[in-house]
Structures are given as C-alpha cells and as structure tokens.
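Here is a friendly tour of one protein model, written for someone who likes to see the criteria next to the numbers. Please have a look at the fold before reading on.

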Amino acid sequence: MQNLQERGHLLTEQVNPNSLNLDQLSSLEFVELFNSEDQKAVAAVEKAKNQLAETIERAAERLRHGGRLFYVGAGTSGRLGVLDAAECPPTFCTPPELVQGIIAGGAGALVRSSEDLEDRSQDGEAAIAQRQITQLDVVIGITAGGTTPFVHGALSAARQRGATTIFIACVPEEQVKINVDVDIRLLTGPEVLAGSTRLKAATATKLALNIISTGVMVKLGKVYGNRMVDVAVTNQKLRDRALRILSDLTGLSREAANLLLERSGKWVKLALLMHWTGLEKEEGDRLLSEHQSNLRAAIEATKKNGEIS
C-alpha cells in the first residue's frame, strides 16, 4: 500500500519565506540569495561542534582497535557518504575497507535516481548483516529529513550488533527521535527550493563529513602538522604533492627529495622518518609499526632512546 505519511512538518520540507519569489529574481539576485542562505550551513555545523568532536573521538578509538567506519544513506545523503569514503584511500592511503559508503540501491544509485529503495528498512538491515558489522565498527546514518527507513533499519541493526551508531539529520530532535550513541543535528532551515535537501542540507552534511573523516585520520596519525604524510603516490599530481611535502619539511632539493621518496618505497611518512633519524627503510618500517604508524610518536621514541638529538 502506498505510504501516505505526512512530512510537511519537518524543517527540511518547510517553505523558505526568503525565496517565495525565486522564479522572478534576476540571475544576480538569485546568486546573492543562495550565497546568503548557504551561510546557514556553516553556522549549523558550528552549533554541532560538540557532537562532531565526540564522533571523532569515538570513531578514532574504534578504528585504532581494528574497527571500520561506515556511512549509510539514500539519495544525496548516500552519495555524500560514498564520496567521503572513496576519498580516504588516496588522501590517507587507507585500505578501501576501512571507510565504506553504503547507499540504498547500491552502486547504480550513484548515477541514477533510485529513491524508492530508501523506503525499505529491511534493506538497511541486510546491508549491515552483509558487511558483518561488529562492536568494533562505527556506523553513521545520514538522512537530511531524518525519516529514511533504509537508514533507520541500518542503524537499528548496527546497534543490535554492538556497533557505535551516529545519526546525522537536518531536523530537530523533537521532529525525529532516535536511539543512537551520538545524535548530530545540522539545522540549516528550509531550502531555497522547498524540500530540495541537495542544497543547504547537503552542503552542511558534506562539511560535517569532511570534519569527521579528516579528524579521525589525524587522530590515527595519518597527518603530520597539516601535511598528508600518508598520501598515496599514484599519479603525477600526488607525486608532486609528496615531493613538495618532503622539500618543505626537510629543506631538501626536489631531486634529493625524489631520491629519498624512492628509497622509502614512495611513502612520505617513512621518507621523513629516515631523513630525520638516519634509519634505513627496514628499521623505519619497524619503528612505525611499533607506534601504530604515528610519525610523531616514532620520532619521539628515537629521541628518548638517544638515537637522534
């Protein structure tokens, strides 16, 4: 039977009074209105800073002990989760299974709308079972309007398995209640185009996911200072970035940095450790392994042992 549930009360479905004449605006007025409304996405993320920080801490702790991070969503929310997950391997050299995106409808839904599949909570439950989620894992459910059955089914199944559960929605708690470990509400208000949550709600969600994944990777030692020292050197652009990181941090010429990068097996983090400590590749590998691949911790250990000044 057709689902006739009324959703007009949801914040994301309400009509924005600032854009009632949207179809009568000049192009410049249109852009100015969007720019003004988009500021609310940044403000919404700022108001959720405590919950975002808690998410980073919880997720980093689980991943540090062998867990995985999953984003679950449908439509735009699902695509944003898949995008963030897909960008972790090249940025932080993580294995593809460490951060994963689950979208209602599977890979096909990334390029073709399959919004009808979001109404199947059992599919969300099945996705969790298929990936054998455990108490070590973290599952982040993303749904702008807060009601997507696929996401609720996944979160419920994940919680039953003992996983850490996070909820990201753009409606207040009183409109959609849920039992999760961390409840993140990004209250961006009604959209310029009524109900089109690919706009402000999606912008705020992307900002939040940027913060979460980058924060977790920083906690896991994937970053030194503000440099991506675990960058995967898989193309010319990334090789150039790796060489610039090495040159900037060591003072080496580009040619010398390139030789160092090759000696390290194209691993910037190991190259830096070798340069700063004088260790050979095998010794550096061992030291990083002993310190969970944390460069700063490995360097501090060599200082304590008197290996470097």
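In strand β3, V139 is the bridge partner of F70. Before going further, a note on the source: this is a predicted model, in which local features need pLDDT of at least 70 and side-chain atom pairs count only at pLDDT 80 or more, while totals for chains, interfaces and linings use all residues. Residues are numbered from 1 along each chain as its sequence is written, and side-chain values use heavy atoms, with hydrogens and water left out.

Helices (H or I, at least four residues) and strands (E, at least two) are DSSP runs, numbered from the N terminus. Two strands count as paired if DSSP finds at least two bridges between them. With that in hand, the open sheet has five strands in the order β2-β1-β3-β4-β5, with parallel pairing. The edges belong to β2 (99–103) and β5 (182–185); each has a single partner strand, so one side of each lacks a neighbour in the sheet.

Together, β3, helix α6 (residues 149–160) and β4 form a right-handed β-α-β unit; right-handed means that, with the strands pointing away from the viewer, the path from the first strand over the helix to the second runs clockwise.

How many of the five residues of β3 are buried? Five of the five residues of β3 (residues 138–142) are buried (under 20% relative accessible area; exposed is over 50%, partly exposed in between, with a 1.4 Å probe and protein chains only), so the strand is largely enclosed by the rest of the structure. In a regular strand the side chains alternate between the two faces of the sheet. Both faces of β3 are covered, with V138, I140 and I142 on one side and V139 and G141 on the other.

## Charged pairs

A salt bridge here is a side-chain nitrogen of Lys or Arg within 4 Å of a carboxyl oxygen of Asp or Glu. By this rule the model has 20 salt bridges. Three of them are set out below.

| Pair | N to O distance |
|---|---|
| R185 and D183 | 2.6 Å |
| R254 and D240 | 2.9 Å |
| D248 and R227 | 3.3 Å |

R185 and D183 are both buried. The bridge between R254 and D240 links distant parts of the chain, from helix α9 (residues 254–263) to helix α8, 14 residues apart. R254 is partly exposed at 39% relative accessible area, and D240 is partly exposed at 26%. Elsewhere, E37, K40 and K200 are linked in a network of salt bridges.

## Cysteines

A search of the whole structure finds zero disulfides (pairs of cysteine sulfur atoms within 2.5 Å). C93 is partly exposed, with a relative accessible area of 42%, whereas C170 is buried at 0%.
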